[in-house]
Amino acid sequence: MKISYKWLQKYLPIDLDINKVSEILTDLGLEVEGVEAIESIKGSLKGIVVGKVLTCGKHPNADRLNVTTVDLGDGVPVQIVCGAPNVAKGQTVPVATVGTTLYDDKGEAFIIKKSKIRGEESFGMICAEDELGLGKSHDGIMVLDNSLKAGTPAAKVFNIETDYTIEIGLTPNRADAMSHLGVARDLRAGLTQQGINSKLITPSVSDFHVEERTFKIDIDVQDNLRAPRYVGLSITDIKIAESPEWLKNRLNAIGLTPINNVVDITNFVLHDLGQPLHAFDANKIKKNKVIVKTLKEGTKFTTLDGVERTLHQEDLMICDGEENPMCIAGVFGGLESGINENTTAIFLESAYFNPVSIRKTAKRHALNTDASFRFERGIDPNITEYTLKRAAILIHELAGGKISSEIIDIYPNKIDDFQIFLSYERMNKLIGHFIDSDIIQNILVSLDIKINNHTETGLNLTIPAYRVDVTREVDVFEEILRVYGYNNVEFSEKLNMSITSSVEQKNEKIQNIVSTQLINSGFFETMANSLTKPNYTDYSDQINADANVTILNPLSQDLSVMRQSMLFSGLETVSFNINRKNKDLKLFEFGKTYHKFNDKYQEEKHLSLFITGNKLPLVWNSTAQQSDFFYLKGIVTMLLHRLGATEVKPKPTKNDVFSEGLSLSLGKIKVVDFGVVKSNITKDFGIKQEVLYADFNWSALLKLAQNKSIKVSLPSKFPEVKRDLALLINNETTFLDIYRLAKETERSYLKSIDLFDVYEGKNLPDGKKSYAVSFMLQDEEKTLDEKQIEGIMQKLQGAFENKLGASLR
């Protein structure tokens, strides 16, 4: 992604060396891959000065040449031979002095040298505008204002602008930084951490006003899931023309070619604020109505590049009042509705489209545009109207347009900011370094993360909706650390380690353990074909068509690629059985998936589980029990416990084949994804009943199973003692907080902790809930007496009160 430094300075009025700025951005995680100096005029008119033509006469040896004497302001007039028909005595002209480098129309450099032209010496060149890069005319030399003094550098006369283009290697998760505003926000945080205070200046839209209400275009959003927010307005009396120099310079700086004022404004605002816009020729919108919907499978549509494309039934389209498609929403415009030199009125669109929908559509049509690049990663849903006003003001200023309708904003379900609690203790423990709470709060404020309240143990935070990559407490830790500076984290020079020995368990042995466990639970093992259909990539954005391992000489199109997922071959097996009246299924398969990345092939082993129908066969003395998500979760948990993998942590799965699901991981290693397969996927396989699916990463499972041994111990001779506490706690406190604190407080006698009741409702203070927790106590060497038990419980109660703010209900 390219960023203009001068453009960035409009947001942050700083004057730092470009290398310093690059260093700060890289430390913030916006890695600068390169910096290039650019000029609005190539060469910046160096060596070009203002000259005064003192004399002008015919060349003695050439009818079409003139010999002139030119004052260059240094007191020594020079002779220059000129072939321009309009050169004359008394003119003020731009002169390229000897040694100046100029560039031809192909960008090739040539140097002005002292020369003899038909026997007459020439010490420079009087220039035409195309020779200086100031225009395209070559009819004659440029004639300047006579008020200019001889010797004045031409760069001062023509206000040449220099800039730096910063090339940033943006990671996919940083959707918030896909604009100059986003980079400026991060840079401000980095500068603040270094003690350089700089205010972020955002463009004002206070000048926006509706001039007349004569051209309203109605909006009908029929698919709010794919288009959660859609905003538009009409602008009339537009004059399509060339953009002003400042706008062309901004676009040229980031590698974009200026087209016309309206298109350039939409591109400018896109890279300025990160919000894609689209301008339709309003006179081509039939019935003065815009409809946002999907169309029938197979509908033909011609895009701006002149290519006729076949639409998928899930492609979101922007249509006119007769439901004719005008634009592939968030991806690419249509040939018929685009603006041209004859356009006088436009409908300006600003929207927030579902990232998954846009990503799938862009991949289906092999399109990668600036708009789809941003929409598919997730933009700020709350900047949509502001961006529209910003663009409308610019169109009014640069194209003479009149805002001819009120803004129509279709936003039925607002996307809210979300809450996260940050624990100082957990953060410092994870980072391995203490960061003062004041520094933490300053960093969070500089990142536009709102601090709702502050306690001794942590902070209650509101994360802006545009930070789609900050959804967990550890994500906030990362945000703080990258601004604080990884280089500021101290490392110990002493390394402690223990030497351990272990015997590697064989793959076959562990596989047999798992197989036996599953068979005992009523599962049947299957073996599916590793060859499959290429179009299964349409169902998931995690399966990329470019990564397909293609068979050079396939038996059929249905067996032309190696499978990238265990899901679809398994669903074929499920469908095969259901079609033969075998509807209650528990299946498992050990198999491999195949991928091609950058001409390198990758093979991964998986264990897949499929469950559908009833848990058990129907018998006369029991009712049917349908398999559900929790049954699958129990099977997954059973397998992990059998292999000793009890440390895995659950989180929502990012696998988009599930309508609901979980992912279990150990650290950064994902062990298993499981859940309910989306109905639109199973429907395409002819399956009408719910299918549950689990996908184990076998390599990760093997690692977890290594060095895990079953320990057997005799039951204690001494009795267990159970005590209960009814705790009134804050809503953000979790059972995990209670569990960890209890374990830290009492290590000797506390054997287990269980949550057996949760109450939230009437007769409780605001922000509070009630947890009933049981504690099992036991001494392995003697019977606990009442005094010891009471002491332990008082110690636990005190810890909960002091560290979690709990009280007995």
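# Exercises on a predicted model

Q511 sits in helix α14 (residues 507–520). Helices here are DSSP runs of H or I with at least four residues, strands are runs of E with at least two, and both are numbered from the N terminus. Residues count from 1 along each chain as its sequence is written. The model is predicted: local features need pLDDT of at least 70, side-chain atom pairs count only at pLDDT 80 or more, totals for chains, interfaces and linings use all residues, and side-chain values use heavy atoms, without hydrogens and water.

**Exercise 1.** Decide whether Q511 is buried or exposed, and list its contacts.

*Solution.* Start with the cut-offs: buried is under 20% relative accessible area, exposed is over 50%, and partly exposed lies in between (1.4 Å probe, protein chains only). Q511 has 18%, so Q511 is buried. Next, take contacts, meaning heavy atoms within 4.5 Å. Beyond four places in sequence, Q511 meets F590, K605 and W698.

**Exercise 2.** Find where confidence is lowest and highest in the protein chain.

*Solution.* The score is pLDDT, the predictor's confidence in each residue, from 0 to 100. The chain average is 89, and 98% of the residues reach at least 70. Strand β33 (residues 649–652) is lowest, with a mean of 80. Strand β19 (residues 316–319) is highest, at 96.

**Exercise 3.** Describe how helices α11 and α13 pack.

*Solution.* Two numbers describe a packed pair of helices: the angle between the axes and the distance between them. Each axis is a line fitted to C-alpha atoms over the stretch in contact, and angles run from 0 to 180 degrees between N-to-C directions. For α11 (residues 424–431) and α13 (residues 473–484), the angle is about 65 degrees and the axes are 10 Å apart. Now name the residues. From α11 come R426, M427, L430 and I431; from α13 come E473, V474, F477, I480 and L481. By class, this contact has 7 nonpolar, no polar and 2 charged residues. Nonpolar covers Ala, Val, Leu, Ile, Met, Phe, Trp, Tyr, Cys and Pro; charged covers Asp, Glu, Lys and Arg; the others, Gly among them, are polar.

**Exercise 4.** Compare the length of helix α20 with its expected span, then say what covers its buried residues.

*Solution.* The expected span is 1.5 Å times one less than the number of residues. Helix α20 (residues 786–804) has 19 residues, and 27 Å is expected. From first C-alpha to last, α20 reaches 26 Å, close to that value. Its buried residues include I789, I792, M793 and L796. Their cover includes β37 (721–730), α19 (735–745) and β39 (768–777).

**Exercise 5.** Look at the phi angles of S44 and N288.

*Solution.* Most residues other than glycine have a negative phi. S44 has a positive phi near 55 degrees. S44 lies in the loop between β2 (31–39) and β3 (48–59), and is buried at 8%. N288 also has a positive phi, about 50 degrees. N288 lies in the loop between β15 (277–281) and β16 (289–294). N288 is partly exposed, at 32%.
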